[in-house]
Amino acid sequence: MTQPVLQQATGPQFTRIYAIGAARGDLVVDNDQLVGPIDSSDEWIRQRTGVIERRRASADVQAVDLATTASLEAIERSGISADRIGVVIVATVSNTMQTPSMAALLAERVGANPAAAFDISAACAGYAYGIAQADAFIRAGLAEFVLVVGAEKLSNYAKPTDRSISFLLADGAGAALVGPSETPGISRSTWGSDGSKWDAVGMDATFDEYRNGEGSVDWPTLRQSGQTVFRWAVWDMAKVAKQALDAAGVRADQLAAFIPHQANMRIIDEFAKQLKLPEQVVIARDIETTGNTSSASIPLATHALLTEHPELSGGLALQIGFGAGLVYAAQVVVLP
Ligand SMILES: CC(C)(COP(=O)(O)OP(=O)(O)OC[C@H]1O[C@@H](n2cnc3c(N)ncnc32)[C@H](O)[C@@H]1OP(=O)(O)O)[C@@H](O)C(=O)NCCC(=O)NCCS
């Protein structure tokens, strides 16, 4: 008996982002509310990070709630019916449970059940990792539409006495609906990792240590070696951003917008300098009033830019995510 040749699917040649949705934590937390336990000041935080205030969610609001709001907005704006979504990807490092995934619950909540659904752990690069996957899945014929969501409630993992990162952390979710396109709308992604710096940013204890009551672990929270991450971001990530432009065949002066992960305003300014971004390129500075929402920061910043500058729609944006792992991903997208 001859063995049959397996049938293979192929998809459309190109993809694009159809629409973006956003949800920020309902509470506005200014610097003065946090500086006491870390012996800091409003002035220090503004000067060193650019953050004036950050958005956090009330106790009864979870990351999946923010993800639902953001996703429903993206789906509605796209004009696509939720039952055409074949995959739901949630990038998160702050789900309330190790398992089951946030994505499966989100798919059910937004009407995308029985879409394939899974979470990815790529920290602040998670959304850009998700966009890379959505693009590849659609072109491979695995799904017609993919919902990519970054959703975090980082305040659950912020220790009020931590001086290294707690004052940056915020809560929010951003969602993108990705689908087929007649023309290229998402460039080849440049992505990778550097596990030699695995310790630079992440949790301060394992769940085993927490369970065994080792040390003074009252609950694992986030911490970082700020200067290590800062240097890596400024030097290595600026190179990755340039590689992403080359991979897309786009020059910096052809961009409409630059949307880096919102980690620190000084990092954003340094990127702009190294990429020699001309003045007309609009730079996302959502960190000022939102804070660092990890995987949600790029779609939240994109949503804010498009609200403030609707004329950017249809223009090219370079986006780059980078964070714990260390991991990174960048691509050029056509703004919806
Ligand atoms: C965290 C960060 C803002 C710290 O800023 P920094 O300029 O590197 O600060 P340093 O650690 O060099 O400390 C400089 C001084 O500020 C003090 N300091 C540190 N943290 C402080 C705080 N939260 N409040 C007030 N003072 C602080 C230090 O004690 C030090 O004082 P000294 O000069 O008297 O010794 C910065 O390193 C950063 O943003 N890193 C990368 C962040 C990032 O991208 N993280 C997310 C990964 S996705």
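**Figure 1. Aromatic pairs in the predicted model.** In this predicted model, the count comes to 9 aromatic pairs. Two rings of Phe, Tyr or Trp (for Trp, its six-membered ring) pair if their centres lie within 6.5 Å; planes under 30 degrees apart count as stacked, over 60 as edge-to-face and the rest as tilted. Trp44 and Phe167 are edge-to-face, because their ring centres are 5.9 Å apart and their planes stand at 75°. Trp44 belongs to helix α1 and Phe167 to the loop between β6 (145-153) and β7 (171-181), so this pair ties together parts that are 123 residues apart in sequence. Helices (H or I, at least four residues) and strands (E, at least two) are DSSP runs, numbered from the N terminus. Phe167 is buried at 5% relative accessibility, while Trp44 is partly exposed at 39%. Here, buried means under 20% relative accessible area, exposed over 50%, and partly exposed in between (1.4 Å probe, protein chains only).

**Figure 2. Tyr157 and Trp219, a stacked pair.** Look for two rings 5.8 Å apart from centre to centre, with 20° between their planes. Tyr157 sits in the loop between β6 and β7 and Trp219 in the loop between α5 (207-211) and β10, so the pair ties together parts that are 62 residues apart in sequence. Tyr157 is buried, at 9% relative accessibility; Trp219, at 32%, is partly exposed. Elsewhere, Trp232, Phe258, Phe271 and Phe322 form one aromatic cluster.

**Figure 3. Helix α6 and its kink.** Helix α6 covers residues 226-248, and its 23 residues should span 33 Å at 1.5 Å a residue; the end C-alpha atoms are 31 Å apart, which agrees. The expected span is 1.5 Å times one less than the number of residues. Centred on Met237 is a kink of about 35°, where the bend is the angle between axes fitted to the seven residues ending at a residue and the seven starting there. Among the buried residues of α6 are Trp232, Met237, Ala241 and Leu245. The helix's buried residues pack against β8 (190-193), β9 (201-203), β10 (222-224), α7 (265-274), β13 (316-323) and β14 (327-334), with contact meaning heavy atoms within 4.5 Å. Just after α6, Gly249 has a positive phi of about 70°.

**Figure 4. Strands β4 and β5, a parallel pair.** Strand β4 (residues 85-91) and strand β5 (residues 116-120) share 5 bridges; two strands pair if DSSP finds at least two bridges between them. Val90 stands opposite Asp119 in β5. From β4, the chain passes through helix α3 (residues 102-110) to β5 in a right-handed β-α-β crossover. Right-handed means that, with the strands pointing away from the viewer, the path from the first strand over the helix to the second runs clockwise. In the loop between α3 and β5 you can find Pro114, joined to Asn113 by a cis peptide bond with omega about 10°.

**Figure 5. Asp39 and Ser294, two residues with positive phi.** Phi of Asp39 is near 45°, and Ser294 has a phi of about 50°. Asp39 is in the loop between β2 (27-30) and α1 (42-49), and at 64% relative accessibility it counts as exposed. Ser294 is in the loop between α8 (287-290) and α9 (297-308); at 4% relative accessibility, Ser294 counts as buried.

**Notes on reading the figures.** Residues are numbered from 1 along each chain as its sequence is written, and side-chain values use heavy atoms, leaving out hydrogens and water. In this predicted model, local features need pLDDT of at least 70 and side-chain atom pairs count only at pLDDT 80 or more, while totals for chains, interfaces and linings use all residues.
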